[in-house]
Amino acid sequence: MRLSLKSLRSWEGLLLVILIAVVALNIALSPVYLGVGNFINLFQLSIEKIIVALIMAFVIINGEIDLSVASVMGFAACVVAVVHENNALPFAAAVALALVVGALAGLVQGYFVAHMGLPSLAVTLAGLIGFRGMARMLVEDRSIGDFPEWFNALGQKPLLGPIPLALLIFVGMAVIAVIVLQSAAFGRYVTVIGNNADVARYSGIDVKRVKLSLFVLSGLVAALAGVLLAARLGAVRASTGEGFELDIITMVLLGGVSIFGGSGSLVGVGLSILIILNMRNGLGLANVEANTQTGIIGALLILSVLVPNLVNGLRRARVGRAGHT
Amino acid sequence: METLRRVLRPEQIRELSLALIIFVAVAFFSTQIENYLSGRFFVRVSTSVAITIVLATAQTLVILTRNIDLSIGSIVGVAAYVTGQVLGANPELSPLAAITVALIIGAGLGLINGLLVAYGRVPAIIVTLGTLAIYRTWLIDYAGAKTITADSLPQWLVDLPRLNLFSSGELDIRGLFVLAVVIAVLIQLALNYLPWGRRLYAIGSNPEAARMAGLPAPRLVVSAYAICGALAGLAGFMFLARFGTITVTAGQGLELQAVAAAVVGGVSTAGGSGTLLGALLGAVLIDTLNQSLTRMPGVSEFWRDALLGLLILVAVATDYVLMQRLRRLWIVDQLKARAAPTPAPEEHHAP
């Protein structure tokens, strides 16, 4: 009893317990779960979301939020598609253009947040609507596919052994993200600003620059994820990636990152990503519909904050009573 | 200008400028679109804006307490579907009873949000992101693949959106539009003059001070969420009446529209500041643009969202910059006005 309460106190401990339970359940329920193919598949189906979740963790730890990521993903994918459709540039240049467009989208929003001091919730809400609108301006109600063979292969076929490109990118980015957040000065700045932006400013941190770079990075990574999504799906519509922001934010918050900024670890985010992917996979193998999976993950999101709160409240009440007698 | 600045609070100047923007937009569109200033167009905008006003009012109540409700789109969907189903099974139900059903469904779902936020101490954005998914999932599971269709609904409900309260020539004032405006006005009056309303502003603008002053913050937050949910339920009823056909995706994305209307209307997402008149004007501006852009020659309907996003950004940015300047000027003016009649006391006591 004492042990379980102690591990509950650390968020990662709780997530680890949940993850082990989910994996154990999956192994018990499905014979195909423990295969390399299923494991790659489990990542591949949400790979774009988890790539964006890494940078979203930084943005939220910094005390901001970026609701526009899914729209930037769709916008970038549409840029690639439209340039390809009109044969305006070589395909690789179209991909580069889409990444630049994503970074610019982040730059504009970051300017309003960092330099003008507007709330990121409002700015990126405008971005969510606006960039999706720009995707719609480009692609209208068409569906554009017919990409070069190599592009589709990068999205759909394994690149290194059984591992596809997107998964390699994710692993590489995750390693960089952990190092930056734990050990690099930039990572410290991100956390300190999220804790208290005024204190950070007085200690000589260039708050505006850190915030601006985070939004540019967020736009860039979202654009990259959008291009990867286009490659995996093989076709692009104006609605590509719509609604992904909720899943991405859920992954980060379930990972124990505080919505108010200043605290959170990438280990927690990694565990929460694994939980969500394994749950979806397991529920899918158990023939639970995708819709119900979404509801279950929504409930998990709330419970993950509610249960520790209640446990802490009970413990405090008990300690309080013990102190009086 | 000096006196004008002293009489008007900065918030009122903001509302006036929003009204001016709406006026300019309408004037602009009337030069671009044939037959724009017609009764028919007014009817079209007012029909769609009625729902947005109710939702913007609902969202504003919660945002005032420094929280947010992202689940109202799902609440609209659940309320519309279930009320439609109840009416389909009991066509003899009176209109008042049908509205009550929608209100109770909405208030119940809002209550769940409020309890989790206030007593579970779970951040609002986490709770309502979760319930956004949960309420919608429940609806999809519950409905199977069935759709509510207009021919299963009683005739009075199908006719309700076209019910005029008042009509002269081509100009019709729809009952639902008037209902939405009346609700916004009544709740604004409650916010201004009831202790409950003042306390909502208080806990939003400084939760710590409000707690020290002994305000029952959790109960107030729960009440804001419950009323927000009830209004979303009412919006669901209006949605059902307007469209007649309700699928499981009904109301999806309306939460963003409501937040957008509130934010454009000057309601601060940091809580404690903003009025329902502002939110109402924000809703009118957004819907007017939405409806006008679809009819604008040379502007494809695919441009609408891009322009809407740009509008929200411009509105929030200019609002923020203007408000800071105005508020500073206003405070200086107030201090001057107060200081002017009595000379500084130090001079009298100087030896």
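## Where chains A and B meet

In this predicted model, 36 residues of chain A are in contact with 37 residues of chain B, contact meaning heavy atoms within 4.5 Å. Residues are numbered from 1 along each chain as its sequence is written, and chains are lettered from A in the order in which they are written. Because the model is predicted, local features need pLDDT of at least 70 and side-chain atom pairs count only at pLDDT 80 or more, while totals for chains, interfaces and linings use all residues; side-chain values use heavy atoms, with hydrogens and water left out.

The two chains bury about 3,300 Å² between them, 80% of it on carbon and sulfur atoms; buried area is the accessible area (1.4 Å probe) that two parts lose on being put together, summed over both. Ile129(A), Asn291(A) and Ile302(A) supply 17% of the area that chain A buries against chain B, more than any other three residues.

Across this interface the rule finds 1 salt bridge, that is, a side-chain nitrogen of Lys or Arg within 4 Å of a carboxyl oxygen of Asp or Glu. Arg136(A) and Asp305(B) form a salt bridge in which the closest N and O atoms are 2.5 Å apart.

| Interface item | Value |
|---|---|
| Area buried between chain A and chain B | about 3,300 Å² |
| Share of that area on carbon and sulfur atoms | 80% |

Within chain B, strand E1 (residues 164-168) and strand E2 (residues 171-174) run antiparallel and are joined by 4 bridges, where pairing requires at least two DSSP bridges and a strand is a DSSP run (E) of at least two residues, numbered from the N terminus. Phe166(B) stands opposite Ile173(B) in E2(B).
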